[in-house]
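Morning, everyone. Please bring up the sequence and the model on your screens. I will walk through the fold and then a few residues.

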Amino acid sequence: MLKRLSVLLALWCCFPALSFAQLAGTYLVGAAQVAPNYTTIAAAVADLNLLGTSAPVTFLLTDATYSTAPVTITYAGLNLVTFSPQLATTPIITGTGSSVF
């Protein structure tokens, strides 16, 4: 068991790209965005749920409209997470599927 743990630790240290950093700061959400930003609200929420945060996070919505299936935020950290329109943007978010926002 200890040998396996040593091997896993060695692999983790040698391949830091396999470990993911927590979210921190401001990210843009819109169709034209590229990494580390997000093209959809669902993608932003997926990373939030997967990675968590190490500091407050703001997702700025850059598009005029968004159509998304219902998303569930399971993040339970202590840092504030905000979804907000980017300056001079008034986004309209419509839901698809069986649930309504």
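What pattern does the protein chain follow, read along the sequence? The pattern is α-β-α-β-β-β-β. That gives 2 helices and 5 strands in the protein chain. Helices here are DSSP runs of H or I with at least four residues, strands are runs of E with at least two, and both are numbered from the N terminus.

Ground rules, quickly. This is a predicted model, where local features need pLDDT of at least 70 and side-chain atom pairs count only at pLDDT 80 or more, while totals for chains, interfaces and linings use all residues. Residues are numbered from 1 along each chain as its sequence is written, and side-chain values use heavy atoms, with hydrogens and water left out.

Now the chain as a whole. Of its 101 residues, 22% are buried. Buried means under 20% relative accessible area, exposed means over 50%, and partly exposed is in between, with a 1.4 Å probe and protein chains only. Next, contacts, meaning heavy atoms within 4.5 Å. Among contacts with a separation of 6 or more, 74% are between residues 24 or more positions apart.

On to the sheet. 3 strands form an open sheet, in the order β1-β2-β4, with parallel pairing. Two strands pair if DSSP finds at least two bridges between them. Why is one side of β1 and of β4 left without a neighbour in the sheet? β1 (23-29) and β4 (81-85) stand at the edges, each with a single partner strand, so one side of each has no neighbour there. From one strand to the next, the twist averages 15 degrees. The axes behind that angle are lines fitted to C-alpha atoms, for helices over the stretch in contact, and angles run from 0 to 180 degrees between N-to-C directions.

Look at β2, residues 53-61. It is joined to β4 by 5 bridges, and the two run parallel. One of the pairs is Leu60 with its bridge partner Ser84 in β4.

Now the core. A nonpolar core is a set of buried Ala, Val, Leu, Ile, Met, Phe, Trp, Tyr and Cys residues joined through side-chain atoms within 4.5 Å. The largest one has 14 residues, and Leu23, Tyr27, Val29, Tyr38, Ile41 and Phe59 touch the most other members. β1, α2 (41-51) and β2 each supply at least two residues. The largest share, 5 residues, comes from α2. In soluble globular proteins, nonpolar side chains tend to be buried together.

Stay with α2. Which residues in α2 are buried? They are Ile41, Ala44, Val45, Leu48 and Leu51. They cover an arc of only 150 degrees around the axis, which puts them on the same side of α2. That arc is taken over the directions from the helix axis to the C-beta atoms. The buried residues of α2 pack against β1, β2, β3 (65-68), β4 and β5 (92-95). After α2 comes Gly52, with a positive phi near 75 degrees.

Tyr27 is in contact with Pro36, Asn37, Tyr38, Val57, Thr58, Phe59 and Leu60, leaving aside neighbours within four places in sequence. Val29 sits in strand β1. Val29 counts as buried, at 0% relative accessibility. Beyond four places in sequence, its contacts include Ile41, Ala44, Phe59 and Tyr66. Val29 and Leu61 are 32 residues apart in sequence, yet 4.9 Å apart in space, C-alpha to C-alpha.

Buried or exposed? Thr53 is buried, with a relative accessible area of 9%. Its side chain makes a polar contact of 2.6 Å with that of Tyr75. Another polar contact, of 3.0 Å, joins the side chains of Thr53 and Asn79. A polar contact is a pair of N or O atoms within 3.5 Å; within protein, one must be able to donate a hydrogen and the other to accept it, and residues adjacent in sequence count only if both atoms are side-chain atoms.

Last stop, the loop between β4 and β5. Gln86 lies there, and at 29% relative accessibility Gln86 counts as partly exposed. Gln86 and Leu61 are 25 residues apart in sequence and 5.5 Å apart in space, C-alpha to C-alpha. Thr89 lies in that loop too. At 17% relative accessibility, Thr89 counts as buried. Not counting residues up to four places away in sequence, Thr89 touches Leu61, Thr62 and Asp63.
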